[in-house]
Amino acid sequence: MDRLDNTIRPYAWGSPTAIPRLLGVEPTGEPQAEMWMGAHPGAPSRTDRGTLVDVIDADPEKELGPACVARFGPHLPFLLKILAAGAPLSLQVHPDLEQARQGYQDEERRGIPVDAPHRNYKDANHKPELICALTEFDGLCGFRDPLKAAGLLDGLGVDSLKPYVDLLHAHPADAALREVLTAILTADPEEMAHTVAEAAAACDRLGGAYTPYADIAHHYPGDPGVIAAMLLNHVRLQPGEALFLGAGVPHAYLSGLGVEIMANSDNVLRCGLTPKHVDVPELLRIVRFEPSDPGVLRPEASPDGEEVYETPIDEFRLSRYVLPAGAAAHDLTAATPQILLCTAGTVRAGEHELNPGRSVFVPAGEKAEVSGTGTLFRATVVA
């Protein structure tokens, strides 16, 4: 197995302290948002054999296993991250596989450079994802019931929000949500900035259920995404709890430290809370306007101590082991590729000693015995 040297991405919303604290190193003073573990070409992990991209490209069937290559192609199907949100991320949504393929082919055909700021599709893959909290973790996930969203907006006492409140009482629910989100994102920017300022002041004054939106408005003054965020469910995860974000589900992470796993893609359509490009027509084509419960996930324990976060996705499978002192070693040898990540204590994986934030890549079929005292996350694919 290969010890991984991973890149930390300094996105502006990142916490300057959470990842350094996990790694036991001094903060740099700069935001440290995400640590990437995997073979994404944007920031592949490094090994003694070269980057993980180079290692896999040299012999995909040896590294990934024949079944994984036959099913997903000669690339690692997932990307694992440690994510540290010190400020809200952009309100966003991801396409399904067919939408991603169509969108990518269309933008390629139109000759839009892959690094162009108005490009929506960086690849032809979907990007379902799972976030598991390491600390208390706040986020937004999926649409509220329209009547509950109407009550939240109405409670602000802002006259310019009344038309949205009225629209949210219309039927059917999906049409009401579509009409309101469209109206928010296409409103006159100056008028919307004034509405957001009034709403933010009311959120500050009222507190309680409005507190998350006051914080969002502090980071993104005047942004229409502040109002759009109030259409979504607010959820607070406790350590060990998780959220699954499927295609078309609007979401945003607000604060906290977590382990995130996703299909190996970078396709994001933004709804707000960002200075980046917002393609409203394409966004409206992708969003699923369905009220839903956030669906907090808790791991399912198996007899051997593995705690699995069940999702409907085959490109990734995330589980964890909480290893008590004196426990017997676990044999994690599998016919699929794996990344093992320690998040607490000290865990030995083969010949490698892993402290918090350290990880290894285990090629398919490679012997993988783990022991120690701590918490180990295991990322692989569904066999």
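Reader: How much space lies in the second largest pocket?

Author: Rolling a probe the size of a water molecule over the atoms shows where empty space is left. This is a predicted model, and its second largest pocket holds about 170 Å³ of space. The pocket is lined by 15 residues, and those closest to its centre are I184, L185, A187, M192 and P224.

Reader: How does the lining of the second largest pocket divide by class?

Author: It has 10 nonpolar, 4 polar and 1 charged residues.

Reader: How many cavities of 30 Å³ or more does the structure hold?

Author: A cavity is a space where the probe fits but cannot get out, whereas a pocket is open. The structure holds 1 cavity of 30 Å³ or more. The space in the largest cavity is about 30 Å³.

Reader: Which residues line the largest cavity?

Author: The lining consists of L91, F143, L181, A228, L232, P250 and C271. By class, these are 7 nonpolar, with no polar and no charged residues.

Reader: Now a single residue. Is Q99 buried or exposed?

Author: Buried means under 20% relative accessible area. Q99 has a value of 15%, so Q99 is buried. Q99 belongs to helix α5 (residues 97-109).

Reader: Which residues does Q99 touch, not counting residues up to four places away in sequence?

Author: With those left out, Q99 touches Y121, R285 and I286.

Methods. Residues are numbered from 1 along each chain as its sequence is written. This is a predicted model: local features need pLDDT of at least 70, side-chain atom pairs count only at pLDDT 80 or more; totals for chains, interfaces and linings use all residues. Side-chain values use heavy atoms; hydrogens and water are left out. Helices (H or I, at least four residues) and strands (E, at least two) are DSSP runs, numbered from the N terminus. Buried means under 20% relative accessible area, exposed over 50%, partly exposed in between (1.4 Å probe, protein chains only). Contact means heavy atoms within 4.5 Å. On a 1 Å grid over the protein atoms alone, a cavity is a set of points where a 1.4 Å probe fits but cannot get out, and a pocket is an open set with protein on both sides within 12 Å along at least five of seven lines; lining residues have an atom within 4 Å of a point. Grid points are joined across faces, edges and corners, and a volume is the space filled by probe spheres set on the points. Ala, Val, Leu, Ile, Met, Phe, Trp, Tyr, Cys and Pro count as nonpolar, Asp, Glu, Lys and Arg as charged, and the others, Gly among them, as polar.
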